[in-house]
Number of protein chains: 2
Amino acid sequence: MIQNDTFLRALRREPTSHTPVWLMRQAGRYLPEYNRTRAQAGSFMQLAMTPELATEVTLQPLERFPLDAAILFSDILTVPDAMGLGLSFAVGEGPRFAHKTDSEASIRALTVPDMNKLRYVFDAVTQIKKALNGRVPLIGFSGSPFTLACYTIEGGSSDGFPNVRRLAYSRPDLMQRLIDVNTEAVTVYLNEQIDAGADAVMIFDTWGGLLPAAEYRTFSLASMRRVLEGLKPGATGKMPTILFTKGGGVWLDEMAASGADALGLDWTVALAQARKAVGQRVALQGNLDPLTLLTDPATVARAAEAVVRAAGSAPGHIFNLGHGIVPQTPPENVGVLVETVHRVSREMRQASP
Amino acid sequence: MIQNDTFLRALRREPTSHTPVWLMRQAGRYLPEYNRTRAQAGSFMQLAMTPELATEVTLQPLERFPLDAAILFSDILTVPDAMGLGLSFAVGEGPRFAHKTDSEASIRALTVPDMNKLRYVFDAVTQIKKALNGRVPLIGFSGSPFTLACYTIEGGSSDGFPNVRRLAYSRPDLMQRLIDVNTEAVTVYLNEQIDAGADAVMIFDTWGGLLPAAEYRTFSLASMRRVLEGLKPGATGKMPTILFTKGGGVWLDEMAASGADALGLDWTVALAQARKAVGQRVALQGNLDPLTLLTDPATVARAAEAVVRAAGSAPGHIFNLGHGIVPQTPPENVGVLVETVHRVSREMRQASP
């Protein structure tokens, strides 16, 4: 039994006493205790691959702030790493793959990885669930099939992922083949997280927003729909799901028909406009600009309140940022944010008849 | 009199024999003849500041391809340079300002520049008009007030312009002051281009799409509306205008009420959806992904045809890319693109009753 199930209720568009809040990258470099644990682990990947330490950092933000959900500490690129592509993180840089999937041969050679190679992730889910002891729900996650393809085609992060777009236009057959393998792998991967105890799962489509509408539909949205269709129920029924395409504000109407229970919003879409686009089909999660947290407490409180008010008092809003917390964020500002969301949303519910 | 006025007719949503096409950065590094002229000039800014050479490179793509408009060869950052902020371009890098506008003092010190410092731009307009000799219309342009602020706050280009977003949230009064000076400067600047003979003007809002909806409205869209309201008529009546916010697909409805005759679209919005959002209030310009031009001629032709067909045969479409041509583009592919747009759009008009 989960004591604070506000997050799960909001995902189901049920009334809640307050707006639940969690923050993308809530366990991360802005927290001194995280940096200490990471130093102990030696590297980011060692941290992610050691269930005890992953559990420790997952729970750190919950010790500081009354957050309404925990999210598995891991990386979106664990699946292609398990495919044998050799993921590493150089200090101060983004992810890098030793082997790219940028040719016909390298794409045709890919297969769904043995899930035993990802056992460290499922073990972390099990241990975090145990450590949480029903306090709040635990969110599992994966990168989207298309977003995984972005990194493996370029061999790492990239400004605009030009080789990805080129491949999508000139060799749609190869791109589809890569997406198909990723889709199957992501489905199995999320199902293992569900088996290990995840209470909800989220698909991070960080780069779908780079595509033209037609290619987004074909290569990103369709594959995420297939993942969602392939998910097992959890212990208490249908698994609640969240789909987040950064830069996907123009496609919300189509995303709402994907089967996801909630859509994540980046900070560029007005919540009221998003609600108009999706109606009551899904919950909405978002969408404060994470850089707001680099200002002062008064500005943070004002901006957080504006997001809560824009969402209105109808059920189905989960407060989050529009993208991950940046490392320079003062933890005090996160405290102000969480307090403001809880307080204002409680006041709004008391004020409405 | 302009011989090929297809572009101006499409801006007014009048019927045309074919879909007019021009391409952002059509005069640029993908053309060997451009690189020769630039080498002769010594630097990008010397090229932009020498009207004879700016005229030469403006006309170069028209000698190769039957484009339906010319666009002034210049930079979007000439106005803050004339404000004394010291623009330079290091080899292989983006723009850099010697002085930033990232403090109260530096913002309060800014004034609308003496337009004599920008005489080289207006002289280029005059000379290009003369060299064109009525062949096709000439488009003048400026960066948007917000986009100019982005570069001067950061002191150059930036990944996500974090200091800009921070200033907008924490010191909206200062941001507004900077936007106000830029708005007045851009208005005077475009009016001088109109006096010199520009047949249409375009505002490039390259970075407005980074903002939350409310801040976009306040700091970018409102200032562009003020610029548009302050424009003089041209020699033949109301000056035709184009407004382009990259990443602005979610705000097209509001942008259509700005007073602009046309909206530029990046490659992420489907043309049919954009048309639905704006109705018949404005013409639409766009929106092929420029990276399509890095593929093969058959892919270019197929993709260009898809854009023409998505726009349909109703008047009011100007074919363009969703952003500027990249330097690696093979010129032959640009030829295929222009030919395809002209041919397919002519066929569509003949096929419809």
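Which residue of chain B comes closest to the rotation axis, judged by C-alpha? Keep that in mind while loading both chains; this is a predicted model.

**Stop 1: the two chains**

Show chains A and B together. Chain B is superposed on chain A by a rotation of 180° with 0.0 Å of shift along the axis, at an RMSD of 0.0 Å. That is the relation of a two-fold axis. Now select B:Val250, which answers the opening question: its C-alpha lies 2.7 Å from the rotation axis, the closest approach of any residue of chain B.

**Stop 2: the interface**

Next, select the residues where the chains touch. Chain B contributes 26 residues to the contact and chain A contributes 26. On the chain B side, helix H9 (162-170), H11 and helix H14 (297-311) each supply at least two residues. H9(B) gives the largest share, 5 residues. Colour this side of chain B by class and you will find 13 nonpolar, 9 polar and 4 charged residues. The copies meet through the same surface, because 100% of the interface residues of chain B are also interface residues in chain A.

**Stop 3: the sheet of chain B**

An open sheet of 7 strands runs in the order S1-S4-S5-S6-S7-S8-S9, with parallel pairing. At its edges are S1 (70-71) and S9 (317-321), each with a single partner strand, so one side of each has no neighbour in the sheet. Zoom in on the S9(B) edge. Here S8 (residues 283-288) pairs with S9(B) in the parallel sense over 5 bridges.

**Stop 4: the H10-H11 pair**

Two packed helices are described by the angle between their axes and the distance between the axes. For this pair the angle is about 30° and the axes are 9 Å apart. That makes H10(B) roughly parallel to H11(B). Their crossing is right-handed.

Finally, show side chains at the contact:

- From H10(B), select B:Met175, B:Ile179, B:Thr183, B:Val186, B:Thr187 and B:Leu190.
- From H11(B), select B:Phe219, B:Ser223, B:Arg226 and B:Val227, which those residues meet.

By class, the residues of this contact between H10(B) and H11(B) are 6 nonpolar, 3 polar and 1 charged.

Notes. Residues numbered from 1 in each chain as written. Chains lettered and ligands numbered in written order. Predicted model: local features only at pLDDT ≥ 70, side-chain atom pairs only at ≥ 80, totals over all residues. Axes fitted to C-alpha atoms, helices over the stretch in contact; angles between N-to-C directions. Helix = DSSP H or I, 4+ residues; strand = E, 2+ residues; numbered from the N terminus. Parallel < 35°, antiparallel > 145°, perpendicular 65-115°, else oblique. Left-handed = near helix turned anticlockwise from the far one by under 90°. Contact = placed C-beta atoms within 7 Å. Nonpolar A, V, L, I, M, F, W, Y, C, P; charged D, E, K, R; others polar. Least-squares fit on C-alpha atoms with pLDDT ≥ 70 in both. Pairing = 2+ DSSP bridges.
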